[in-house]
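Reader: I would like a close look at a single part of this structure. Please keep the answer plain.

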Amino acid sequence: MLTDRSPALDADAFTLRRRPPTEKLVDLGFRQLTLVLASMVAIVLLGIFLTVFQGAREAIATFGLDFLTTSAWDPVNEQYGAFIAIYGTLVTSFLSLLIAVPLGVGTAIFITEDLIPTVVRDAISLMVELLAAIPSVVLGLWAIFVMEPALRPALNLLHSLLGWSPFFNTVPQGPGMAPAILILVVMVLPIITAISRDALNQVPIELRQGAYGVGTTRWGAIFSVILPAAISAITGGVMLALGRAMGETMAVTMIIGNALNFNLSLLAPGNTIASMLANQFGEADGIQVSALMYAALILMLLTFAVNVAAQWIVRRLSLRY
């Protein structure tokens, strides 16, 4: 006799499995463990900020906001100001991005758009990743002994042509802001290239095929479809590179000149906050330690502002595209 009830539809087949107490404890423990590990990041960050702020309190009380606008750095008379270092940090970071972003994004487009054979693309990608693995001190040595002497004729030509400008009125004689900017380009270029490459590879193939289907050219598809689709991730990579450039220490310290005199010229020696900390912290005492802590606090706030701006820009671009 046939029955209308199928064994697969039997109510017993849908009975929920009773979970043993040990399994529930494992789930609860895993959830609590991940919460603790995630909270440790915020705790460590807060601890670093409080430590630096505590060390900077004396300088904050002594110099106030004038510390940001004065350029005197005189340990003998205990007069300190970080304007030169702040100026050098911002100028070297943003000018290096101005050069590195077109190079990095262009390289990413070159190795993702089937313009060259796959073997050559893989080789270029590998070289970009290897460039990111070179220690900064090695890049600093290379900048001193190879890059700067090779660039000096070009910098002298730049001075002869644009010497009337306050930004190029100094005769290049070795370490300076311009070599520091160029070594930062070398250091942030792999970050921008790698993130841009991954972002472009994540663009759905349907968008590319659709662009070609309506008759656009290869470059039309790249600039009108592919880049807008990946712009939020590329922007995040650029802001990450900016944070790296602002905090870079060894390579910049070895090539920037570490000058304590303010000069607008990009061909003159300069200074950055990270370089100043690396050079002076080991021998500092008294209020000079607090002044260096104050400068470190400023650098932390600058990088924090960069990260906040990056999050805001990436969200706006994600909503738009």
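Which residue just after H1 takes a positive phi?

Author: Gly 64 does, with a phi of about 60°. This is a predicted model, in which local features need pLDDT of at least 70 and side-chain atom pairs count only at pLDDT 80 or more, while totals for chains, interfaces and linings use all residues. Residues are numbered from 1 along each chain as its sequence is written, and side-chain values use heavy atoms, leaving out hydrogens and water.

Helices (H or I, at least four residues) and strands (E, at least two) are DSSP runs, numbered from the N terminus. Buried means under 20% relative accessible area (1.4 Å probe, protein chains only), and in H1 the buried residues are Val 52, Ala 56, Ala 59 and Phe 63.

Next come the rings. Rings of Phe, Tyr and Trp (its six-membered ring) pair if their centres lie within 6.5 Å, and planes over 60 degrees apart count as edge-to-face. Phe 63 and Tyr 80 form an edge-to-face pair, 6.0 Å centre to centre with 80° between the planes. Phe 63 lies in helix H1 (residues 21-63) and Tyr 80 in strand S2 (residues 79-80), so the pair ties together parts 17 residues apart in sequence. Tyr 80 counts as buried because its relative accessibility is 4%. One aromatic cluster is formed by Phe 63, Phe 67, Trp 73, Tyr 80 and Tyr 294.

Key: Rings of Phe, Tyr and Trp (its six-membered ring) pair if their centres lie within 6.5 Å; planes under 30 degrees apart count as stacked, over 60 as edge-to-face and the rest as tilted. Buried means under 20% relative accessible area, exposed over 50%, partly exposed in between (1.4 Å probe, protein chains only).
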